[in-house]
Amino acid sequence: MSRQTIHFIRENQPTKSILNSDSNVDIPEHVDAVMPLHLRDMPTIHQSLDSAKKHVGIRNFYIIVSNKDDFDFSDRDDVILIKESDMSIPTVLDIEKSITEQEGPDWDRLPSWMYQQFIKLSACRDIEGLSNIYMIMDADVIFCKDYKPYSKGKSFYSVLGEHYPTYIKTTERILGRKRYLIPECEDYERFNFISHQMMFSRDLCNNMLSFIEDKYGCAWPEAILNGLFITETDPTCFSEYNLYANYCLLFHPDESDIDMDTNWVQMCGEVPPQILLDHYDCAYYAMHFHKRNQKFLVLGYKNADSLKE
């Protein structure tokens with residue numbers, strides 16, 4: 001196999017990561033997962049579910065789909081399908097109408113983009129039986145090693161070393177204060193909490209939605225849409241992961257922390273996911289496969305001790 005070009009987002013001094021520590025790890029007995037799913041995600045979905053079951057300890061997968069008849073999980077007893085229309089959020093058309101005055105070159109992507117974020121945020125209120133601590137994950141995430149970003153009642157958030165100013169401005173608008181500044185980072189302006197999987201607390205997420213509703217006197221989806229910082233160059237200016245992590249770190253620091261010992265790195269290539277997994281599974285906690293322009297954009301967590309080519 002030809003060597004892949006690996007771009008390390010940033011390097012750390014080797015320290016012990018909470019993710020691979022066997023001591024003082026307090027994982028809840030039951031952890032569920034929530035994910036929106038499209039037909040285009042089906043080729044690797046079972047690999048994703050099996051890896052989350054093995055390495056995260058997921059009990060049930062609550063999978064949100066547009067039409068249940070299009071998906072067959074009859075061979076699994078850990079999948080619960082939920083229709084998108086059963087979630088108490090605005091429709092894509094409603095979202096489109098609310099942002100028509102902020103049109104940009106890629107504006108047509110924004111309504112469906114926001115709809116997916118709203119699906120994930122509304123899980124804390126809309127999914128009956130969901131565990132109190134649960135994972136929101138994208139359908140194309142595949143875990144390679146044990147991943148336990150929860151310890152002693154705290155969730156741990158990894159950072160992404162890329163600068164997305166519109167995401168930051170939107171988060172600050174919605175929360176009404178400056179985003180969380182990572183003390184360990186000298187160039188903290190570059191860092192955020194955009195991710196492809198994250199541990200959520202039903203209580204904290206519900207508190208965040210109530211905080212937003214109380215602050216703006218309207219339903220939380222409306223408040224978020226009113227707070228979007230849309231530009232022509234970056235119309236997809238919102239991340240549910242970034243909003244939630246900032247809220248928890250700012251308002252509930254006793255239940256939240258950051259894990260500076262894991263980093264997003266990215267690789268671009270035409271190599272199929274399985275070959276990449278076979279080659280890199282010794283180093284990465286998880287990989288995210290996004291087929292874009294006929295290439296796989298791969299984002300993975302890597303322990304600081306292994307940040308070497």
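A residue is called buried here when its relative accessible area is under 20%, exposed when over 50%, and partly exposed in between, using a 1.4 Å probe and protein chains only. By that rule Cys-218 counts as buried, because its relative accessible area is 17%. Cys-205 is buried too, with a value of 0%.

Some ground rules before we go on. This is a predicted model, in which local features need pLDDT of at least 70 and side-chain atom pairs count only at pLDDT 80 or more, while totals for chains, interfaces and linings use all residues. Residues are numbered from 1 along each chain as its sequence is written, and side-chain values use heavy atoms, leaving out hydrogens and water.

Let's stay with the cysteines for a moment. A disulfide is a covalent bond between the sulfur atoms of two cysteines; the cut-off applied here is a sulfur pair within 2.5 Å. The structure holds zero disulfides. For Cys-205, the closest cysteine sulfur belongs to Cys-124 and lies 3.6 Å away, which is too far for a bond.

Now turn to helix α5, residues 165-175. Helices are DSSP runs of H or I with at least four residues, strands are runs of E with at least two, and both are numbered from the N terminus. Eight of the eleven residues in α5 are buried, so the helix is mostly covered. Among them are Tyr-167, Ile-168, Glu-172 and Leu-175. The cover over these buried residues includes α3 (110-121), α6 (202-216), α7 (220-226) and α8.

How does α5 meet α8 (residues 240-251)? Their axes come within 10 Å and cross at roughly 50 degrees, which makes α5 oblique to α8. Axes are lines fitted to C-alpha atoms, for helices over the stretch in contact, with angles from 0 to 180 degrees between N-to-C directions; under 35 degrees is roughly parallel, over 145 roughly antiparallel, 65 to 115 roughly perpendicular, and the rest oblique. On the α5 side, Tyr-167, Thr-171, Ile-174 and Leu-175 take part, meeting residues of α8 that include Leu-243, Tyr-247 and Phe-251, where contact means heavy atoms within 4.5 Å.

Helix α6 packs on α8 as well, at an angle of about 90 degrees and with the axes 10 Å apart. That makes α6 roughly perpendicular to α8. The α6 residues in this contact include Cys-205, Met-208 and Phe-211, and those of α8 include Leu-243, Tyr-247 and Cys-248.
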